[in-house]
Amino acid sequence: MTSQHKNQPDVDLAGDTNRRAFLGMLAAMSGAASFGGIGTAAAQGAAASAGALTADAGFWQAVRNIYTTRPGVKFMNIGTAGSMPIEVLEVLNTENRRTARECLNGYGNFLSIRQQIAPMFGADADEIAISGNTSSGMCHALLGLTWERGDEIVTTNHEHPGGNVPMAILQDRFGVIIKRVTVPVGNKQKAEDYVELFSRAITPKTKALMWSSPTYKTGTMLPVKRLAQLARDRGLISIVDGAHLPGMVNYNYRELGVDFMAGAAHKWLNAPLGTGILYVRNKVSPAFNPRPLPAYFPVVSSSYPLTGGLPARATGPKETDDLAGRIQSCGSTNMPVMAATAKACEIWSRMGRDNVQAYTFALSAYLKEKIVQKWGVDSLYSPKDDPELVCALTAFNPFQKPADIMDKAKSDGFVARMLSEYGFVIRNVNFPVPGQPAEHFGVRASTHIWTNPREIDQLVD
């Protein structure tokens, strides 16, 4: 990974006590639980390889050099949008010019691209579509299911509009009831809490569980496998807003046991804007998810039998139809964007998906420890102690007067000053906090592959 674009100075990651502490945190992440409960040998070995790479600062400096981000600015809001690597930009440019020169169309379901990227997400091509973004994927998932008046969806009070809007449509169109559990905030929580919260909300009318992993508000990684197992045990459909998962976490989607997983590609995966990764379970797996497939009809597609008669859903480990292909096919599509997304996935794999996960999670753990040292653990909105609940998003309260975090103007001003005076791009997010009289506007920082411990030190200072 080399480039002529050298945007940042070399960083000696082992140059002082703080950075040695960071390396220690990364090494400590060799346990499977540190990777959100993935529980695979690959996850257990990730930190060992990432530790070796991180000890050689040149590797991560080379990673930085594949991007064209503006010099002097520290981008810590990849949770909103990432930056395409130079190679991705080149593919996008080349394919746009070829499309213009040859007057090409974008018809088809892009099977070869889906075959290329699906294994990276632990799925088959008939289960992976490149959606418009997470919100598009959530609409495909929720609106394509069959609903009756009085059906219930159990969700949380920390959801993104990408999930809230299609649920509101279901409420108004079909009379679906939306029930929300109040999620905890801060470090005093554990993965089992979420199973209990959702379990208590389930009734005989409940048809689906829908949640975010992680939440975009606090960066809490709701335990995907535990909640998916709860859904299977109760005969329910599981729908996950996994906006931040592609490019951050090396999950095997099929092994998670979920029915639908919608994510962004333009965030941590650094694909072009307007791209997402949508997983739709299309097989019945005795090992991971023996539950029958729910009835589903593509709501946006130009690939549906013109006389009706969609093939029956699979009852075993072999698909009966390319469902993701039907979702993917919708008239003439932006083919250059599809090719560029495939290139972004390739680069993610080239860097080492486990390596990226270990590095970004360790940076986040380092940031959380620095915050605790500076302001105390109660300043954290993100959990830090339960490894199943952590990710590379960190939300916190930096104000000397803790109540100032409830003042939107002060929070907005703080975020603006961090950019204008110090060159940090971060954001704030509003959310309810149990027991508090008003919403908090927590500050949120994303630690990704172009971030290093020295920048975290500077951010906290």
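**Sheet, loop and cavity**

In this predicted model, I130 lies opposite I277, a residue of β8. The strands β2 and β8 (residues 276–280) are antiparallel and are joined by 4 bridges. In general, the strands of a sheet pair through backbone hydrogen bonds, in either a parallel or an antiparallel way.

The pair belongs to an open sheet of 7 strands with mixed pairing, and the order across the sheet is β2-β8-β7-β6-β5-β3-β4. The edges are held by β2 (128–131) and β4 (177–181); each has a single partner strand, so one side of each has no neighbour in the sheet. From one strand to the next, the twist averages 20 degrees.

The loop that runs between β5 (206–212) and α9 (224–233) contains P214. Is P214 buried or exposed? Its relative accessibility is 2%, and buried means under 20%, so P214 counts as buried. Setting aside neighbours within four places in sequence, P214 has contacts with G219, T220, M221, D241, H244, L245, C391 and L393. The C-alpha atom of P214 is also 6.6 Å from that of G242, although the two residues are 28 residues apart along the chain.

Empty space left between atoms can be found by rolling a probe the size of a water molecule over them. The structure has 4 cavities of 30 Å³ or more, and the second largest cavity has a volume of about 80 Å³. Its lining consists of N282, Y296, L310, P311, A312, R313, A314, T320, D321 and L323. By type, the lining residues of this second largest cavity are 6 nonpolar, 2 polar and 2 charged.

Note on methods:
Residues numbered from 1 in each chain as written. Predicted model: local features only at pLDDT ≥ 70, side-chain atom pairs only at ≥ 80, totals over all residues. Heavy atoms only, no water. Pairing = 2+ DSSP bridges. Helix = DSSP H or I, 4+ residues; strand = E, 2+ residues; numbered from the N terminus. Axes fitted to C-alpha atoms, helices over the stretch in contact; angles between N-to-C directions. Buried < 20%, exposed > 50% of the residue type's maximum accessible area, 1.4 Å probe, protein only. Contact = heavy atoms within 4.5 Å. 1 Å grid on protein atoms, 1.4 Å probe; cavity = no way out; pocket = protein on both sides within 12 Å on 5 of 7 lines; lining within 4 Å. Points joined across faces, edges and corners; volume = space filled by probe spheres on them. Nonpolar A, V, L, I, M, F, W, Y, C, P; charged D, E, K, R; others polar.
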